[in-house]
Amino acid sequence: MKENNFEIATNLLQLISAAQAHEYRIIPFKKNEGAVSFYTDVAAMDALGQELEIILGKKISLQRKSEAFMNGFLQKNYRQRTATKQRETLNYSEDFLMNMIYEAKEIGSSDIHIEIFEKQARVRLRIDGKLIERYLISLETYPKIINRIKIMASLDISEKRLPQDGRINLSTEQEDFDIRVSSLPTLYGEKLVLRILSKNNLQVSLEHLGFTEEELKIYIRSVQKPNGIVLISGPTGSGKTTTLYATLKLLNKNDTNILTIEDPIEYTIEGINQVQLKQEIGLDFASTLRTFLRQDPDVIMVGEIRDVETANMAIRASLTGHLVLSTIHTNSAWATISRLIDMGIPPFLIASTLNVSVAQRLVRKLCSCKQKQTGIDALFVQDDFLNNINEYYKAVGCSQCYQTGYKGRKAVYEIIPITEELVHKIKDKELEIHHYLKENHIATLKENMIELVKNGITSMEEVSPFLIS
């Protein structure tokens, strides 16, 4: 147990629920067979100890700590859930799975990782892009949890050798939400990842994603053209899908026919015709795009351009008067051009169809508890992008950010509209445009990240990994 950064070992953390930790003001710090030791700031320790022995069925010892000490550990390790009190009374052990799912949903986790190793199994939650170990599971219990999830997701519980994908729909009094389930056979058993898909995310608009004012104008102009291709690049988990859905929301009008082919469909949108990719029966991106052209579309969204056939079909669709939105895996907006050329797409076709190329990443935003620093940290002196910053903010931690120092995430963009000058450069395969970007005041991903550091929106530690090239 690390008191300087409020860390608790997972085997201690899971002894009690978040509801119990806050209600009784207790933090576990040691356990022996049949006995548990807790910190508390409650004055009536004798009465509390007796009650806990009845509830937990173990011998209890208590040690008094200050209110500030307790608040730090409670805020970081036991995030309070916002659901109704009725669900908080669910039996913590008997309904472990549902408690875990609802807890993850209510504290803002995007993914639940359930994984098994030689001597133990565990559950990790991804919160604001970072994985946090939350539970340890016995090897005997693990298969029961896996099978229950697979049944809920309509997966084949007898098939343990091949990956499977499924979907679960759950609801609370506040909202319905879906869970995308992916199973993967590993050395010691199946690993499951549960992606929580909240329909509330559909309320996100382009104005609130992270575009600068000028970038937003350029992007909206590009997606409001009647034809052409809009490509968004970035690694998995960089927010590309959210940007695409926010764009579809902008374009979704009664007089517009929008078709999408996705793998998987993450959010359902009223008024948009969405198709789920099914490779096993031949329903892939390229074949579905051919059919789309006979469906009188105005806008087509292709989940990802993965191969030359899909790229060629997307270009064909844009040439015949359709607006095509898609994603591609590259490191920068301009690298998308090189990627398409490497796939075998003729440069003149890229030049005549591409409206805009976008790259994006997600960075965590500093909480309001951040502290101003002067003079660059020695750790960053070697970084050419950071060593000219004299004033910045660092993460601290408070009750509002659960002692992490960060609260929420922000997309960072690099947007390159394809101008006449760039059309000629693409046709001539002139792929060095550093001077062009500078002359036209087009900020790169790295430059936009530095601005976020200078403006105190994020920290040096957060952007430093993205600046390594």
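Predicted model: local features only at pLDDT ≥ 70, side-chain atom pairs only at ≥ 80, totals over all residues.
Helices are DSSP runs of H or I with at least four residues, numbered from the N terminus.

Two packed helices are described by the angle between their axes and the distance between the axes. For helix H6 (residues 96-106) and helix H7 (residues 142-152), the axes come within 10 Å and cross at roughly 65°. Angles of 65 to 115 degrees count as roughly perpendicular, and H6 and H7 are therefore roughly perpendicular to each other. Their crossing is right-handed. On the H6 side the contact is formed by Phe-96, Leu-97 and Met-98, and on the H7 side by Ile-145, Arg-148, Ile-149 and Met-152. Six of the residues in this contact of H6 with H7 are nonpolar, none is polar and one is charged.

Helix H8 (residues 213-223) and helix H9 (residues 240-251) have axes that come within 11 Å and cross at roughly 60°. That angle makes H8 oblique to H9. H8 passes H9 in a right-handed crossing. Tyr-219, Ile-220 and Val-223 of H8 meet Thr-243, Thr-247, Leu-250 and Leu-251 of H9. By class, the contact of H8 with H9 comprises five nonpolar and two polar residues, with no charged residues.

Helix H10 (residues 285-292) packs against helix H11 (residues 308-319) at an angle of about 20°, and their axes are 8 Å apart. Angles under 35 degrees count as roughly parallel, so the angle makes H10 roughly parallel to H11. The crossing in which H10 passes H11 is left-handed. H10 contributes Phe-285, Ala-286, Leu-289 and Arg-290 to the contact, while H11 contributes Glu-309, Thr-310, Met-313 and Ala-314. Five nonpolar residues, one polar residue and two charged residues make up the contact of H10 with H11.

H16 gives the most to the lining of the second largest pocket, with four residues. By class, ten of the lining residues are nonpolar, six are polar and six are charged.

Methods. Residues numbered from 1 in each chain as written. Heavy atoms only, no water. Helix = DSSP H or I, 4+ residues; strand = E, 2+ residues; numbered from the N terminus. Nonpolar A, V, L, I, M, F, W, Y, C, P; charged D, E, K, R; others polar. Axes fitted to C-alpha atoms, helices over the stretch in contact; angles between N-to-C directions. Parallel < 35°, antiparallel > 145°, perpendicular 65-115°, else oblique. Left-handed = near helix turned anticlockwise from the far one by under 90°. Contact = heavy atoms within 4.5 Å.
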